[in-house]
Amino acid sequence: MDVADILARAEARSEALTEDELAVLLALPPRSAQEAALFAAAYRVKCRIIGKRVSIRGLIEAGNVCAKDCFYCGIRRSNKNVGRYSLDANEIEALAAEAKRFGYASIVIQSGEIESEEHTAFIEDVLRRIAPLDLGVTLSLGEQSQETYRRWREAGATRYLLRIETSNPELYAKLHPASHSWRRRVDALKALGRCGYQVGTGVMCALPGQTARDLARDIIFYRDIGAHMIGMGPWIPHHDAPLREPQDSRMPPSDKLHLALRMIAATRLFLHDANIAASTALQALADDGREQGIMAGANVIMPNMTDVKYRAAYQLYDGKPCLGENAALCRGCLERRLDAIGEKILYGQRGDSLRFRAAHAQADAAGA
Ligand code: SAM
Ligand code: SF4
């Protein structure tokens, strides 16, 4: 297959590529001229559809208590070496207010997964308290019942991020204990759509046993599940988590980074109008990893707002960056970094997903 031809068709029209063609792009050699052409095509689409602009969400890591035991994650339930914390409503409200002062018009509230009436009511209370700040609020609090998603939506959350982690159920089963269900995660994504959220999903790249074909199918999955926002990043091992890299096929950090960048670029070329995040995990592999993510087609960055005293306890993988930098430092640093690549931060704008708006305009027209 001719890569230049694939790129030209993908650039001209959203959702134009087949699974085979996506797999060809994802398997391009790292640091090759063809890979550079892939990144350039994806960046042109990002600039044409979204502009040289980056949306910001202040990330609040609200707690590391988790009922789940994902084999890759540093805050999994079985890790007894991590001190557990949960922010109270006042702390979350103060961070949301700080985000507002910084000109960030959107926040993400993320934590381990807790399913209980007490937790549902707590989040509802937090959402009602921060409603007067008029921020776009993304939740990333794991799998919940449709009723819980509905209550949080009514209390003011507008977006929800739930990564499928991999669209391959067999690979999913190798990354999680038997009690964790891929099917339940898919059903949760559908429930989020029914509740009217802007739905975000995504996967980890460079997982043991994952192929370019798996990643191509992940991108098709994003379309089929109706995702409006995509958050992806490289899997990075954690010293206290059981998932390990196979000794015989260790991927150098630079190759991992490039695979994650190809995944961002291929996703942008397939879903022209989606919001795509340049995740913090990219920065764990290279100091300018997030900027490289933007230059490969991403348009969202989530600077950390969490107080430095809690950051080390929310370590999902080894080498998490900026453990000692407070939110104000992160803001200045990000502005300089984006300036250097000619991108502007969209202060004061929520940066809702264009894909969500387009989907709803279509639904409204069909109902009219
Ligand atoms: N608990 C919620 C959930 O799992 O959906 C939200 C928080 S969870 C920490 C957010 C994401 O962190 C997960 O979806 C997973 O993709 C990512 N993550 C966990 N461990 C990781 C690792 N070792 N390397 C890279 N990403 C990781
Ligand atoms: Fe819990 Fe999320 Fe980590 Fe899984 S990835 S153990 S659900 S915090």
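## A guided tour, helix by strand

Start by selecting helix α3, residues 33-49: this helix has 17 residues and reaches 25 Å from its first C-alpha to its last, close to the 24 Å expected at 1.5 Å a residue. (The expected span is 1.5 Å times one less than the number of residues. Helices are DSSP runs of H or I with at least four residues, strands are E runs of at least two, and both are numbered from the N terminus.)

Before going on, note that this is a predicted model, where local features need pLDDT of at least 70, side-chain atom pairs count only at pLDDT 80 or more, and totals for chains, interfaces and linings use all residues. Residues are numbered from 1 along each chain as its sequence is written, chains are lettered from A and ligands numbered from 1 in the order in which they are written, and side-chain values use heavy atoms, leaving out hydrogens and water.

**Stop 1: around α3.** Which residues of α3 are buried? Select Glu 35, Leu 38, Phe 39, Ala 41, Ala 42, Tyr 43, Val 45 and Lys 46 to see them. (Buried means under 20% relative accessible area, exposed over 50%, and partly exposed in between, with a 1.4 Å probe and protein chains only.) An α-helix has 3.6 residues a turn, so residues three or four places apart point the same way. Now show the partners: the buried residues of α3 pack against α1 (3-12), α2 (19-26), β1 (53-56), α10 (253-270) and α12 (289-295). Contact here means heavy atoms within 4.5 Å. Just after α3, click on Gly 51, which has a positive phi of about 95°.

**Stop 2: α2.** In this helix, pick out Glu 21, Leu 22, Ala 23, Leu 25 and Leu 26, which are buried. The buried residues of α2 pack against α1, α3, α9 (212-225) and α10.

**Stop 3: the strands.** Select β3, residues 106-111, where six of six residues are buried. Ser 106, Val 108 and Gln 110 point one way, while Ile 107, Ile 109 and Ser 111 point the other. In a regular strand the side chains alternate between the two faces of the sheet.

(Two strands pair if DSSP finds at least two bridges between them.) Look for Glu 61 opposite Gln 110, and for Ile 60 with its bridge partner Ile 109. Next, show β4, residues 136-140: this strand also runs parallel to β3, with five bridges. Here Val 108 has Thr 138 as its bridge partner.

Follow the chain from β3 through helix α5 (residues 117-130) to β4, a right-handed β-α-β crossover. (Right-handed means that, with the strands pointing away from the viewer, the path from the first strand over the helix to the second runs clockwise.) β2, helix α4 (residues 89-102) and β3 also make a right-handed β-α-β unit. In the loop between α5 and β4, find Asp 134, which has a positive phi of about 55° although it is not a glycine.

**Stop 4: ligand 2.** Which residues are around ligand 2? Select Cys 66, Lys 68, Cys 70, Tyr 72, Cys 73, Ile 75, Arg 76 and Gly 112, each with a heavy atom within 4 Å of the ligand.

**Stop 5: Arg 337.** Finish in helix α14, residues 327-340, at Arg 337. Is Arg 337 buried or exposed? Arg 337 counts as buried because its relative accessible area is 15%. Leaving aside neighbours within four places in sequence, Arg 337 is in contact with Gln 283, Asp 287, Asp 288, Arg 290 and Glu 291.
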